[in-house]
Amino acid sequence: MITLEPQPAAKVRRPRVSLQVLRGSLLLHTAFVIAQPIAAGYFLAGNVDAMTNVHSVIGGTIWMIALLQTVAAVCYAIGSRGRIWPALISVVLVVAEIVQLTFGYLQNFAVHVPLGTAIVGTVCWMTVWSFRRTARLSRQEAKR
């Protein structure tokens with residue numbers, strides 16, 4: 001008679017530290033991208049300094065936060081065997097934010113405003129996702 005003993009579950013490597021770093025970078029990124037339309041609103045309401053002292057300063061540095069987020073997302077994907085798509089979207093965000101910066105300085109608002117809206121939505125969506133249970137799963141577990 002053959003008896004099948006249950007095999008011990010293989011230890012699955014899950015993202016922990018890299019996920020915390022990714023969450024932190026996403027929270028910082030979210031705070032800065034949400035500050036952008038608020039500063040633009042202050043400018044439109046008549047506060048001229050809001051554009052030069054806040055909106056343009058944040059806009060000039062926000063792509064660097066996206067670059068840090070990309071590094072965190074790559075560590076999450078490769079080092080911790082987390083999902084790959086956050087790293088890919090983070091790279092797209094870096095490019096989008098450099099394009100956004102360029103069109104902002106060119107004052108081409110037909111591109112600047114919709115692209116900014118897409119950036120804010122994407123960063124906020126990624127931040128919410130990072131705090132969901134599924135973000136803690138490895139790629140292997142997520143396929144199941």
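Residues are classed as buried at under 20% relative accessible area, as exposed at over 50%, and as partly exposed in between, with a 1.4 Å probe and protein chains only. Of the 144 residues of the protein, 33% are buried on this criterion. The structure is a predicted model, in which local features need pLDDT of at least 70 and side-chain atom pairs count only at pLDDT 80 or more, whereas totals for chains, interfaces and linings use all residues. Residues are numbered from 1 along each chain as its sequence is written, and side-chain values use heavy atoms, with hydrogens and water left out.

The protein contains 5 helices and 0 strands, helices being DSSP runs of H or I of at least four residues and strands runs of E of at least two, numbered from the N terminus. The order of elements from the N terminus is accordingly α-α-α-α-α. With contact defined as heavy atoms within 4.5 Å, residues 24 or more positions apart supply 74% of the contacts that have a separation of 6 or more.

The expected span is taken as 1.5 Å times one less than the number of residues. Buried positions in α1 comprise Ser18, Leu19, Leu22, Arg23, Ser25, Leu26, His29, Thr30, Val33, Gln36 and Ala39. These buried residues pack against α2, α3 and α4. Gly46, which follows α1, has a positive phi near 115°.

Helix α4, formed by residues 109–130, has 22 residues and extends 31 Å from its first C-alpha to its last, close to the expected 32 Å. Its buried residues are His112, Gly116, Ile119, Val123, Met126, Thr127, Trp129 and Ser130. Viewed down the axis of α4, the buried residues fall within an arc of 165°, so they line one face of the helix; the arc is that of the directions from the helix axis to the C-beta atoms. The face turned away from this buried side carries the exposed residues Ala110, Thr117 and Val128. The partners of the buried residues of α4 are α1 (17–44), α2 (49–79) and α3 (85–105). Within α4, Gly116 counts as buried because its relative accessibility is 16%. The C-alpha atom of Gly116 is separated by 8.3 Å from that of Pro37, a residue 79 positions away along the chain.

Helix packing was described by axes, which are lines fitted to C-alpha atoms, for helices over the stretch in contact, with angles from 0 to 180 degrees between N-to-C directions. Angles under 35 degrees count as roughly parallel, over 145 as roughly antiparallel, 65 to 115 as roughly perpendicular and the rest as oblique. For α1 and α4, the packing angle is about 150° and the axes are 9 Å apart; the two helices are therefore roughly antiparallel.

Among the contributing residues are Trp85, Ile89, Leu93 and Phe103 of α3 and Leu115, Gly116, Trp125 and Trp129 of α4. The axes of α2 and α3 come within 8 Å and cross at roughly 170°, so α2 is roughly antiparallel to α3. At this contact, residues of α2 including Gly59, Gly60, Trp63 and Tyr76 meet residues of α3 including Pro86, Val94, Leu101 and Tyr105.

Most residues other than glycine have a negative phi. Arg81, in the loop between α2 and α3, has a positive phi of about 60° although it is not a glycine. Its relative accessibility is 42%, so Arg81 counts as partly exposed. Gln107, in the loop between α3 and α4, likewise has a positive phi, near 60°. With 58% relative accessibility, Gln107 counts as exposed.
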